[in-house]
Amino acid sequence: MIPSNQDLVLKSSGTATWMRFVRVYDAALFAPSDARVEQVLQKDVPLSLKIEYLIGVSADNIVKAADVALARQHGPEVLDRYSTHIQRLHQSYQSTEPGDRYRLDYRPGEGISLWFNDQYLVSINDDKFARLYVGIWLGEQPLSERLRTALLNWED
């Protein structure tokens, strides 16, 4: 089943930058209206992360950034265990132009799905992997600490 994000509300948003001054993309985090930050951190609730690019970024650079964050967060044994899932997701990325949007939807029990400009790309039905991958933005040692702080900054 392809997860839907219609039952989620905007909880927070932020902007990812490169070298602190080049705005790369705006990100928005959606979760159930009654979700608490700790539930999102534990990935106990459905969530959707929407990313709208402000500049063009090659698919290779998107994958490289994800790989850097994953390597910072997890050892080789964990990355080896999920390498097939990581490859499958990363092969689905496409280069972006300003205004292009990616969306990652996570649903407990259904895993993660990736969308590009509202077009479904791929799903991976593995909750452990989904939690690991969403950690690129929401986990410890994320891709951007400033963005993580912005995305997790809302009143419970």
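R101 is partly exposed, with a relative accessible area of 32%. Here buried means under 20% relative accessible area, exposed over 50%, and partly exposed in between (1.4 Å probe, protein chains only). The model is predicted: local features need pLDDT of at least 70, side-chain atom pairs count only at pLDDT 80 or more, and totals for chains, interfaces and linings use all residues. Residues are numbered from 1 along each chain as its sequence is written, and side-chain values use heavy atoms, with hydrogens and water left out.

## Salt bridges

A salt bridge is a side-chain nitrogen of Lys or Arg within 4 Å of a carboxyl oxygen of Asp or Glu. The structure holds 8 of them.

| Pair | N to O distance | Relative accessible area |
|---|---|---|
| D7 and R107 | 3.6 Å | D7 53%, R107 7% |
| E145 and R148 | 3.8 Å | E145 44%, R148 13% |

R101 lies in strand β4 and D118 in the loop between β5 and β6, so the pair ties together parts 17 residues apart in sequence. Helices (H or I, at least four residues) and strands (E, at least two) are DSSP runs, numbered from the N terminus.

D7 is exposed, whereas R107 is buried.

The third pair is local. E145 and R148 are 3 residues apart in helix α6, which means that about one helical turn separates them. E145 is partly exposed; R148 is buried.

## The nonpolar core

A nonpolar core is a set of buried Ala, Val, Leu, Ile, Met, Phe, Trp, Tyr and Cys residues joined through side-chain atoms within 4.5 Å. The largest one has 47 residues. Those with the most contacts inside it are Y25, V40, Y93, F129, Y133, W137 and L138. Helix α5 (residues 127–138) gives the largest share of this core, 8 residues.

Contact means heavy atoms within 4.5 Å. Leaving aside residues up to four places away in sequence, V40 touches L29, A31, V45, L47, L138, L152 and W154.

## Helix α4

Which residues of helix α4 (residues 83–92) are buried? They are I86, L89, H90 and S92. Seen down the axis of α4, these residues fall within an arc of 155°, so they line one face of the helix. The arc is that of the directions from the helix axis to the C-beta atoms. The face turned away from the buried side carries the exposed residues T84 and Q91.

The buried residues of α4 pack against helices α2 (59–73), α3 (76–81) and α5. They also pack against strands β4 (101–107), β5 (111–116) and β6 (119–124).

Y53 lies in strand β3 (residues 47–53). At 6% relative accessibility, Y53 counts as buried. Not counting residues up to four places away in sequence, Y53 touches V24, Y25, I62, T96, E97, P98, G99, D100 and Y102.

Most residues other than glycine have a negative phi. N117 is not a glycine, yet has a positive phi of about 50°. N117 lies in the loop between β5 and β6 and is partly exposed, at 23%.

Q141 is a further case, with a positive phi of about 55° although it is not a glycine. Q141 is found in the loop between α5 and α6 (145–151). Its relative accessibility is 46%, so Q141 counts as partly exposed.

## Surface

W18, M19 and F21 make a nonpolar surface patch of about 430 Å². Such patches consist of residues with over 30% relative accessible area and no salt bridge; like charges are joined within 9 Å, and nonpolar side chains (Val, Leu, Ile, Met, Phe, Trp, Tyr) within 5 Å. Accessible areas come from the Shrake-Rupley method with a 1.4 Å probe; for residues, only the protein chains shown count as cover. W18 lies in strand β1 (residues 9–18). At 54% relative accessibility, W18 is exposed.
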